[in-house]
Amino acid sequence: VKLVVLDAALPFGADPRAALRAALVRRFAASGVDAEAVVLPFAPEPSAAIELAARSLCLFNTDRVVALAFPATLVPHAAVLAWLHEAPCGRAAEGRALAAAQRVLAADAAVAAAILRRHGIAAGILRPDDALDPLLA
Amino acid sequence: MRIGVVSTIVPFVRGGGRFIAEWLRDKLEEAGHQAALVMLPSSDEPDRILQQMAGFRLIELDAHFDRVITLRPPAHVVRHRCKVAWFIHHIRGFYDLWDTEYRPVPDRAPWTALRDAIRAADTRALGEAHRIFTNSRVVGERLRAFNGIGSEVLYPPVLDPGLFRAGAHGDEIVCICRMEHHKRQHLLVEAMRFVRSGVRLRLCGESFDPAYAAALRDTVLRHGLAARVAIEDRWIAEEEKRALLATALAAAYLPLDEDSYGYPTVEAAHAGRATVTASDAGGALEFVRDGESGIVVPPDPLAIAAAFDALFDDRTLAARLGAAAAERITALGIGWNNVLRSLLA
C-alpha cells in the first residue's frame, strides 16, 4: 500500500503538525506500509482560490490518502481518509469533501463535535498516539 | 534572501528530479539564505495537466518568497514577481515525443488542441521568468524550437562530490539509475551475451515498472548469464553507490534521448570512472566524448559488448577515460558555486 500523509503548511510559517507527520510516516513504515508526507503550501484560512487550487491537484501513484487538515482534505482521490486535528473551517467545499471521504476521524472529542456541528458528519475519534489500524482498514 | 525551490513530485518516485530540488535547497541554506521546498504533487495524465497548471497558478508565493526557482514541470507555471526557471524537461509526450510511440494520446482532435494549449501555457509561463536556465543544451534547444525561448545551460552538480572516491578498477560495469524501459538496461543485458572477456555487469536501481525488472531477470536466466550479471531492483543508498563506483571497471548509462547528462554519468566521473553511453542518449553526450571521457556506441548490444571488452582488456584505457571524465566536470563548470551565482543573479 502506498499511503500519502497529506497536509498543508505555509513556507517558513507555523507548522504544528510537522512532528506528527514525521511520526506517522515512521509508524506506517514500521508496520510495512509505504508512506510519504506531502505538504501543500496553503494557509489554513479558507478562500476560493485556495479551494480551487487544492481541488486542481492530482495525487498519482498513491493508493490511499490520509488528509490531516483543510485544504488538504479537498485534494481529489478515490481513497481519502480525513483525520482532522483541528476544527473544520466550515466551508461548503470542505463539507462536500468530507462527505465524499471513505472515513472521517477526529483527533479529539472537541474536533469531532465541531465536525458534527459544521458539517453534520459523525466522526470517529483517533488520538495521535492510538494504534493506526483505523487508518488502514 | 527568502527563496522558494518549487518543483513537482510523483509520490514514492525518487530520482534526479527530486534530488536536484532537495540539494539546491540545502546549498542555498549553506550559503546563508532562507530556503524552503515547495513540492507539488503532479501527474502526467493527459486530461489532468491543464487543470494542474491552473491550480499551480493560484498558489500564493509572493508573500513568502523574495525569489522562486522552479524545476520539474509544470512547476514553472507558478506566479511570482521574481521567478527563475531552471527548466529540466518538457512534458515530452506533448513535445519532441509527439511523433513517436511515447505520445500519450491519439494524434487527432481534441488531443492536438490539448497539446497546443500545453505548449502555449508553457510559453507564457516561461516568458514571465526573470531568467531561464536549462540542465542541458538538449533541453535548451527544445525550448528554442518549441517555445521560441532562449536560455542558458546550467549543469546540475551532485550534492557532495568530495565523498566519491576512486579505487582500483575491478571487473564490473555498473549501471546505477532507475530501472525503466527508457533507461534501456535491456541493451546492457543483451550485450552480455556477446562479451568475450570476463567482464561482469551490475544493474542497480528502483523500478517504477516491476515487469521490466522481471523481464531483465528472465533474459539473464534464459541466456545463462546469472554468474556474470547482477540485478538489484531496489533503492541504492548514496554510500553504497559510491562504494560500487569506487571499484567498478566503468559505468554504463544508455537512456533514450535523455534530457540531461544524468546524475549517473557525473557520479561515475567523480569516482574517476568512464561511462559507456549510446549515440542516441541525448544529454549524456554533452558530457561523454567518445574516446576522451568515455565510450559512445550505437544502441546495439554487439557494439556495447565490444566497448565492455575493450575496457576489460585494457585497464589503462579505463583509467585514462575515467581520469578525463573527472577533468570534464571542471571543464564544464559543474559546481554549486556556479549554480548559486547563476540562479541568484
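## Arg2(B) and its partner

Arg2(B) has a relative accessibility of 26% and therefore counts as partly exposed. The structure is a predicted model, and in it the side chain of Arg2(B) forms a salt bridge with that of Asp66(B), with N and O 3.2 Å apart. This pair joins distant parts of the chain: Arg2(B) belongs to strand S1 of chain B, whereas Asp66(B) sits in the loop between H2 and strand S3 (67-70), 64 residues apart. Asp66(B) also counts as partly exposed, because its relative accessibility is 30%.

## Further salt bridges in chain B

Over all chains, the count comes to 40 salt bridges. One of them pairs Arg81(B) with Asp62(B), whose closest N and O atoms are 3.1 Å apart. With a relative accessibility of 52%, Arg81(B) counts as exposed, while Asp62(B), at 30%, is partly exposed.

Arg92(B) and Asp259(B) form another salt bridge through their side chains, at 3.3 Å from N to O. Here 167 residues separate the partners: Arg92(B) is in the loop between S4 and helix H3 (111-127), and Asp259(B) is in the loop between strand S10 (250-252) and helix H8 (263-270) of chain B. Both Arg92(B) and Asp259(B) are buried. Elsewhere, a network of salt bridges links Glu172(B), Arg200(B), Arg202(B), Glu232(B), Arg234(B) and Glu240(B).

## The surroundings of Asn135(B)

Asn135(B) is found in the loop between strand S5 (131-134) and helix H4 (137-147) of chain B. Its relative accessibility is 5%, so Asn135(B) counts as buried. A polar atom of the Asn135(B) side chain lies 3.3 Å from the backbone oxygen of Ile88(B). Beyond its neighbours within four places in sequence, Asn135(B) is in contact with residues including Trp86(B), Phe87(B), Val153(B), Tyr155(B) and Asp259(B).

## The interface between chains B and A

In the contact between the two chains, 28 residues of chain B meet 26 residues of chain A. Together the chains bury about 2100 Å², of which 73% is on carbon and sulfur atoms. Phe12(B), Pro41(B) and Leu58(B) account for 31% of the area that chain B buries against chain A, more than any other three residues.

One salt bridge is counted between chain B and chain A; the side chains of Arg18(B) and Glu36(A) form a salt bridge at 2.6 Å, N to O. Six residue pairs are in polar contact between these chains. On the side of chain B that touches chain A, strand S1 (2-9), strand S2 (34-41) and helix H2 (49-57) each give two or more residues. S2(B) gives the most, with seven residues. By type, the residues on this side of chain B are 17 nonpolar, seven polar and four charged.

## Chain A

Chain A has five helices and six strands, which run from the N terminus in the order β-α-β-α-β-β-α-β-α-β-α. Its radius of gyration is 14 Å, in agreement with the value near 14 Å that a compact globule of 137 residues would have. The C-alpha trace spans about 35 × 30 × 30 Å along its principal axes, and buried residues make up 52% of chain A.

Cys89(A) lies in the loop between strand S4 (80-84) and helix H3 (92-100) of chain A. At 30% relative accessibility, Cys89(A) is classed as partly exposed. Not counting residues up to four places away in sequence, Cys89(A) touches Pro46(A), Phe70(A), Glu94(A) and Arg118(A).

Conventions
Residues are numbered from 1 along each chain as its sequence is written. Chains are lettered from A and ligands numbered from 1 in the order in which they are written. This is a predicted model: local features need pLDDT of at least 70, side-chain atom pairs count only at pLDDT 80 or more; totals for chains, interfaces and linings use all residues. Side-chain values use heavy atoms; hydrogens and water are left out. Contact means heavy atoms within 4.5 Å. Buried area is the accessible area (1.4 Å probe) that two parts lose on being put together, summed over both. A salt bridge is a side-chain nitrogen of Lys or Arg within 4 Å of a carboxyl oxygen of Asp or Glu. A polar contact is a pair of N or O atoms within 3.5 Å; within protein, one must be able to donate a hydrogen and the other to accept it, and residues adjacent in sequence count only if both atoms are side-chain atoms. Helices (H or I, at least four residues) and strands (E, at least two) are DSSP runs, numbered from the N terminus. Ala, Val, Leu, Ile, Met, Phe, Trp, Tyr, Cys and Pro count as nonpolar, Asp, Glu, Lys and Arg as charged, and the others, Gly among them, as polar. The radius of gyration is taken over C-alpha atoms; the globule rule is 2.2 Å times the number of residues to the power 0.38. Buried means under 20% relative accessible area, exposed over 50%, partly exposed in between (1.4 Å probe, protein chains only).
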